[in-house]
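I opened my notebook to write down what I looked up in this structure. I kept to one topic per entry.

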There are 2 protein chains.
Amino acid sequence: MALIVQKFGGSSVADAESIKRVAKRIVDTRRAGNDVVVAVSAMGDTTDELLELARDVAPNPAPRELDMLLSSGERISMALLAMTIHSMGLEARSFTGSQAGMITTADHGSARIVDVTPVRLREALDDGAIVIVAGFQGFNRDTRDITTLGRGGSDTTAVALAAALNADVCEIYSDVDGIFTCDPRVVPLAKKLDTIGAEEMLELAANGAKVLYIRAVEYARRHSVLIHARSTFTSNEGTYVLGEGMADPRLAEGEDMTDVIGKEEPVVAGVAIDRSQAKITVVGVPDVPGSASAIFSRVSKTGANIDMIVQNVQSASPGRTDISFTLPKEQAPDVAKQLQAEQSELGFENLVHDDQVGKLSVVGAGMRSHSGVSLTLFEALSRDAINIEMISTSEIRISVLLRETDLDKAARTVHTAYHLDGDVEATVYAGTGR
Amino acid sequence: MALIVQKFGGSSVADAESIKRVAKRIVDTRRAGNDVVVAVSAMGDTTDELLELARDVAPNPAPRELDMLLSSGERISMALLAMTIHSMGLEARSFTGSQAGMITTADHGSARIVDVTPVRLREALDDGAIVIVAGFQGFNRDTRDITTLGRGGSDTTAVALAAALNADVCEIYSDVDGIFTCDPRVVPLAKKLDTIGAEEMLELAANGAKVLYIRAVEYARRHSVLIHARSTFTSNEGTYVLGEGMADPRLAEGEDMTDVIGKEEPVVAGVAIDRSQAKITVVGVPDVPGSASAIFSRVSKTGANIDMIVQNVQSASPGRTDISFTLPKEQAPDVAKQLQAEQSELGFENLVHDDQVGKLSVVGAGMRSHSGVSLTLFEALSRDAINIEMISTSEIRISVLLRETDLDKAARTVHTAYHLDGDVEATVYAGTGR
């Protein structure tokens, strides 16, 4: 008998019909002989509605109370889900984050899980019950207050439960079939991946892929949890996210990968695109030691998350250089204002704030051992006369910053260049992928 | 410094504006130098909406899960109220039933409070914070599950908190000014009472008055909690509900009641009317020992709450008698069906189910020492040619069952006959009194 953790997001439990569909899937999993633990998000737009209520009464809600408020959303969905399963004739029990032993730091709104003590969940499983746990929430042992985990928190709840209960797999459901080689809404010939390495998944998620949250994948990698990203709407297998040394669950003992897919692992796993960034260029910075550090010490004070950085070899003015960096669009105005306020101290000539950029990233663990991977990217873009504005790389990733208007075309071109295209167009759902 | 418990119902926190008004009142109470503990219900129709969601997914929701679901309503309102107070510059902390130490029996949906261990509330008060507690909910120590208290639960929460914290007063807010000598929507000249005895209040509540819930008044009487029923919309004093031996809080030391109201306490405190009952008459029951017991043993099996019972001296058929009783309208069809199914065993001739009846009750502790109280009632009704169908009495109450169409007119007549009329018409709000 396997122990399976399943996570359902807000759109999967948006109304009574969706809840019944999810309940049916849970019941089927249980009837197939598995123990089942479910992490569930708040219904549909509940969290946004609660946030709006909060803003109506308090412009700047007290964080402790905001967490108390938001945590009620999962209480509603989990109780409804448990009673639906009950009415289908199986025993189900719902547990809040604190009842489930989800112990976190005291950082309201962005708490991190520090321990999971699932005593009551084990009791319920021993009683043969299906366990439903509120996603996104926990509690702090010192303050005894309720906390929430921030964006993507329910994915993290599911993975943390899987780790604590030593589950066989953590199934993360959404309205897409799994992880694709690129967003199928942009690249119609994108293929669903059967497996992907956790490291690759992290790079894709960090660079714009939306199916899984980084924190959940990180937690899974650290605790060797096998994630299975799959669709609420089909019973097809989705994509397994494999940590280091983890066996492909599709393989029987003694088989190796070629028995399943008939060929070696591809060098490139996928292409991610990201429209969320802006570029700031500080023009005509004195080309002396300490200039960059002076600029970025100012930027870091704003709390902005810098991604790519490029320093030009030479500026238009002699003895000066230009420094460009990218950061989330919503943080750019603040940073630009901060730098402009200190223009004379920093000694630069001009500042350009550009939010018409897009980032394309090619990710693949095979890059470590294969050369010429970046050449394929540059040649493909060059063939289509797409200009590269910035480049950054990691061991298993190459990212380029492009005009935002070039991004979709670039994604299709690059996808083809790396032989990632499938034979048929992928089915695209109306949903957002969450 | 006094410790004041305040209870606000769902209509008092129905939207952002109402929550701000309630917050202002709480803040004013705190700024006047009092410690404040607040019990709050779910916003407006939240509980009904959650019940509807439950019915959409499960025809017969599991009680444990239903309580988990419903308890989220107060989480929302209490967190919003706490953050509103915060944004007004005062410290406020919200607590769920279990955080507040509201320990109950395990009867989901109608749990009874068995103990209150308000450790965290005292800590918060010691820190100078205003304490906001979720009404209507608690938890069971053995099952560690969340429970709800059933109808009027938030009133009971407030009174239980007042008892456990030894509060000076428990203020129960609604949209009416206090307890009236009769429902002002029926009797325009009804007067607000400055005080009422707890016993009288219990009789009025049990016989149709809607301002306070019986369980809360009982709890207050048992634990010597002073209840002050008052309006959210004015700062006028409402009605104090005085338990045995409790001093009128409007009196300074050494004063007696005549200093305040200039006359003795009235014999009759008020008139209650009740449209919620039906009458069943079992016609032609064999007039032999055991007939009544046979009938009521059948009735009790249905779980119905019998109120008045009358056995006629003689039926139309010789050797037979008629037995009439009243019970809540919604329970009557079931009981009638049950009796009819056993007509041959019970040996009665016919059964009449009548839900066009209304009950009028006159309540007053003074009845114990005054004679002629019932005569006034009978004469008043007779003068207006209103027919009495059944009569029942307690030590401090006389109730009569009338045609429902006669009920309003009877209430006005009787109100006048006991000299309860005020000089001006009472202000009637659109609300329901809760």
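This is a predicted model: local features need pLDDT of at least 70, side-chain atom pairs count only at pLDDT 80 or more; totals for chains, interfaces and linings use all residues.

**Entry 1: a sheet in chain A**

I looked up how the strands are arranged in a sheet of chain A. I found an open sheet of four strands, in the order S15-S16-S14-S17, with antiparallel pairing. The edges are strand S15 (309–311) and strand S17 (350–354) of chain A, each of which pairs on one side only. From one strand to the next, the twist averages 15°.

Strand S14 (residues 277–286) and strand S16 (residues 320–328) of chain A run antiparallel and are joined by eight bridges. I asked myself which residue in S16(A) is the bridge partner of A:Thr281. I noted A:Ser324.

Next I checked what packs on the sheet. Helix H9 (residues 291–301) of chain A does, and it touches S14, S15 and S16 of chain A. The direction of H9 makes about 140° with that of S14(A).

**Entry 2: a helix in chain B**

Which residues of helix H7 (residues 214–222) of chain B are buried? I listed B:Arg215, B:Ala216, B:Val217, B:Tyr219, B:Ala220 and B:Arg221. I then looked for what covers them. The cover includes helix H5 (153–164) and helix H6 (198–206) of chain B. It also includes strand S9 (169–174), strand S11 (227–231) and strand S12 (239–242) of chain B. After H7(B) comes B:Ser224, and I noted that its phi is positive, near 55°.

The largest nonpolar core here has 128 residues, and B:Val38, B:Leu81, B:Val133 and B:Cys170 touch the most other members. Helix H3 (residues 63–87) of chain B gives this core its largest share, eight residues.

I followed up B:Val133. Leaving out residues up to four places away in sequence, B:Val133 touches B:Val37, B:Val38, B:Ala39, B:Met78, B:Phe95, B:Ala100, B:Thr157 and B:Leu161.

**Entry 3: where the chains touch**

How many residues does the contact take from each chain? I wrote down 28 residues from chain A and 28 residues from chain B. On the chain A side, helix H1 (16–31), helix H2 (46–57) and helix H3 (63–87) each supply at least two residues. H3(A) gives the most to that side, with 14 residues. By class, I recorded 18 nonpolar, six polar and four charged residues on the side of chain A that touches chain B.

Notes:
Residues are numbered from 1 along each chain as its sequence is written. Chains are lettered from A and ligands numbered from 1 in the order in which they are written. Two strands pair if DSSP finds at least two bridges between them. Axes are lines fitted to C-alpha atoms, for helices over the stretch in contact, and angles run from 0 to 180 degrees between N-to-C directions. Two residues are in contact if their C-beta atoms, placed from the backbone, lie within 7 Å. A residue is buried if 20 or more other C-beta atoms lie within 10 Å of its own, exposed if 12 or fewer, and partly exposed in between; C-beta atoms are placed from the backbone. A nonpolar core is a set of buried Ala, Val, Leu, Ile, Met, Phe, Trp, Tyr and Cys residues joined through C-beta atoms within 7 Å. Ala, Val, Leu, Ile, Met, Phe, Trp, Tyr, Cys and Pro count as nonpolar, Asp, Glu, Lys and Arg as charged, and the others, Gly among them, as polar.
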